[in-house]
Amino acid sequence: GNVRDVTVRTGEHHIDAGARALGISPKLLGFIDLLHVLAYPFLLWAAWLLHRRNARDVVSSLLSLAVLLTICAEQPSSVFLAHVGIPRGINVAVYDLGNVLLLSGILLFPHGNLSWRVVGLIASLPIIMFLHGTVYQSLFISFMIVGVLIMVRRLQKTESGEQRQQIRWALLGISA
């Protein structure tokens, strides 16, 4: 009910406040915030390798594109995109699409075979593009858990040593 003036200071003050709340130094928190950037060269190599190894494989292509879209939509890429005038809504849509493709690739791994259950799950994935906050995170984690459980079930049913090893590596990568 009152009119008041608000002054907004730009800068890294939020990092300092967050660091104080956690009881660590702002420099350490800033370093931790940028740690995932160190993984980008590995992720770019993995995306290239997934696509290059078998460009006609749907699962490899989905996972490769998911990795690239996620890199584009996360920090510091999103700051750059905002700086050049890309609206935040597009950045959020790219991030959500990356998550939908990642979950689709996990659900289809390793062969890309479709069962009615997998088709139903994949058809329901785009709903996360319309959600935000805790509901988004909860549904995303739920889909991820279902995907991992499906992969564990496939691992138990697979007899071939090479294929079992491929599923084990995928489970390790997803868990990481």
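1. Start with F109. Leaving out residues up to four places away in sequence, F109 touches V59, M151, R154, Q166, I167 and A170, where contact means heavy atoms within 4.5 Å. Before reading on, note that this is a predicted model: local features need pLDDT of at least 70 and side-chain atom pairs count only at pLDDT 80 or more, while totals for chains, interfaces and linings use all residues. Residues are numbered from 1 along each chain as its sequence is written, and side-chain values use heavy atoms, with hydrogens and water left out.

2. Now the core. F109 is among the residues with the most contacts inside the largest nonpolar core, alongside L103, L125, I128, F143, M151 and I167; this core has 25 residues. Two or more residues each come from α4 (58-73), α6 (88-108), α7 (116-124), α8 (133-157) and α9 (161-175). A nonpolar core here is a set of buried Ala, Val, Leu, Ile, Met, Phe, Trp, Tyr and Cys residues joined through side-chain atoms within 4.5 Å. Buried is under 20% relative accessible area, exposed over 50%, and partly exposed in between (1.4 Å probe, protein chains only). Helices are DSSP runs (H or I, at least four residues), numbered from the N terminus.

3. On to α6. With 21 residues, α6 reaches 30 Å from its first C-alpha to its last, close to the 30 Å expected at 1.5 Å a residue; the expected span is 1.5 Å times one less than the number of residues. Its buried residues include N91, D96, G98, L103 and L108. The buried residues of α6 pack against α4, α5 (77-83), α7, α8 and α9.

4. How do α6 and α8 sit against each other? Their axes come within 8 Å and cross at roughly 20 degrees, so α6 and α8 are roughly parallel. Axes are lines fitted to C-alpha atoms, for helices over the stretch in contact, with angles from 0 to 180 degrees between N-to-C directions. Under 35 degrees counts as roughly parallel, over 145 as roughly antiparallel, 65 to 115 as roughly perpendicular and the rest as oblique. The α6 and α8 crossing is left-handed, that is, the near helix is turned anticlockwise from the far one by less than a right angle.

5. N99 deserves a look. N99 lies in helix α6 and is buried, with a relative accessible area of 5%. Apart from neighbours within four places in sequence, N99 is in contact with I128, Y136 and F140.

6. Compare α7 with α8. The axes of α7 and α8 come within 12 Å and cross at roughly 160 degrees, so these helices are roughly antiparallel. This crossing is left-handed too. R117, V118, L121 and S124 in α7 meet F143, V146, I150, R153 and R154 in α8.
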